[in-house]
Amino acid sequence: MTATVRRLIVHTVDVPLVRPFITAVRRTDAITAVLVEAVDSDGRSGWGEAAASWRVTGESPASIRAAVMGPLSDAVLGSELDDVDRLADHLAAAVIQNAAARCAVECALHDLAAAASGVPLWAHLGGRTNSVTTDMTLSAASTSELIELAIGHRDAGFRTLKLKVGAGRDDVHSVAAVRDAVGADVSLRVDANQGWTARQAIDIIRDWEDASVGIELVEQPVSARNRDDLAFVTARVQTPILADEAVWTSHDLSAIIAGRMADAVNIKLAKSGGLTEARRMIALAAANDIGVLIGCMMESHVGIAAAASLAASLGDPARAHDLDAGLWLAASPVDSGPHYTADSVVLSRAAGTGITGLCASGGRP
Ligand SMILES: [Mg+2]
């Protein structure tokens, strides 16, 4: 008999970062990991994470708890786990927005379904390898600090570095200086987090192109609210443009495709609301020759377990995804699950995500 969803539990764990994370819009020294544990009728637990950020997802630990314990529990408790995609649609119908909260519940259910099948989540999603490559993100910083960080990460084994730009500093100069410092073998990508105007974006990107700085891609150069600007930039530069904040779901992705507004898309589970919609987006992107990169919010190994499993399903282990969040944490809040080796996320070979529970020191139930 198929197991059913018996209970959802929200755990919050404060986790310090190893160094501050600074973007054009915020500075973070610690995260509150909001974890959802779904328990099935056979007593198994599945785990999912909701990245809480007022400014990015519009959600907080309190709002996530309210959504999970209220309408999202109502939508799935007692349901069989044989078709999690269907349950994801029930979750999506139960609340408007609240994508991170839905993501946490849905990923926990996928974990349970994979565990019940006795296979790792990455294999359950179609992956053939338990390892995926990640970039390493450098916070916004002075040029000399960026150079020092970049060299350190290169020497630690990272082959792709992501620079946060758009904070009003001299982005042209600082990125070129990092290129000079790290040499030609490191791939450099930049994320403006909507920080430029369209004209600024074109001028800056063309300066890098003219100077042969070698930028792999530019992420969300302009405001997500103005897709025309995104299309305007994409049409006027050679460097591939990656849409992030402008694309949450396949509905958004359809508009990007129709308007040829970007070359690739950063799919994050906290935007899509979980794996089911993310997989629909991957299929849509593939059918329309749009590149896909799997990204993450500032979240723990629980969120990374799901996102990296999705990345593994893409079947291109050399492609650098954007899954470095766990490397920023002083420690994982859970036992087992994924770990990092140089620039690889190594997923558990145990059934599901392999996560066995909260670390003894962590968690306020
Ligand atoms: Mg981004």
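Before the volumes, a definition: a cavity is a set of grid points where a 1.4 Å probe fits but cannot get out, and its volume is the space filled by probe spheres set on those points. I also noted that this is a predicted model.

**Entry 1: cavities.** I looked up the count and found three cavities of 30 Å³ or more. I found 13 residues lining the largest cavity, with Cys103, Leu269, Ala270, Glu299 and Gly303 the closest to its centre. Helices H3 (99-117), H10 (269-272) and H12 (301-313) each give two or more residues to this lining, and H12 has the largest share with four. By class I noted eight nonpolar, two polar and three charged residues. Domain 1 (5-118) and domain 2 (124-358) each supply at least three residues to the lining of the largest cavity.

**Entry 2: the second largest cavity.** This one holds about 40 Å³ of space. Its lining includes Thr129, Asp316, Arg319 and His321. Strand S4 (131-134) and H12 each give two or more residues, and S4 gives the largest share, three. I noted four nonpolar, five polar and two charged residues here.

**Entry 3: the magnesium ion.** Which residues are its protein donors? I found Asp191, Glu219 and Asp244, lying 2.2 to 2.3 Å from the ion. Aspartate 191 sits in strand S7 (187-191) and glutamate 219 in strand S8 (215-219), 28 residues apart. Both aspartate 191 and glutamate 219 are buried.

Methods. Residues are numbered from 1 along each chain as its sequence is written. This is a predicted model: local features need pLDDT of at least 70, side-chain atom pairs count only at pLDDT 80 or more; totals for chains, interfaces and linings use all residues. Side-chain values use heavy atoms; hydrogens and water are left out. Donors are N, O and S atoms within 2.8 Å of the metal (3.2 Å for Na, K and Ca); water is not among the atoms, so sites may look incomplete. Buried means under 20% relative accessible area, exposed over 50%, partly exposed in between (1.4 Å probe, protein chains only). On a 1 Å grid over the protein atoms alone, a cavity is a set of points where a 1.4 Å probe fits but cannot get out, and a pocket is an open set with protein on both sides within 12 Å along at least five of seven lines; lining residues have an atom within 4 Å of a point. Ala, Val, Leu, Ile, Met, Phe, Trp, Tyr, Cys and Pro count as nonpolar, Asp, Glu, Lys and Arg as charged, and the others, Gly among them, as polar. Domain bounds come from an automatic or database domain assignment.
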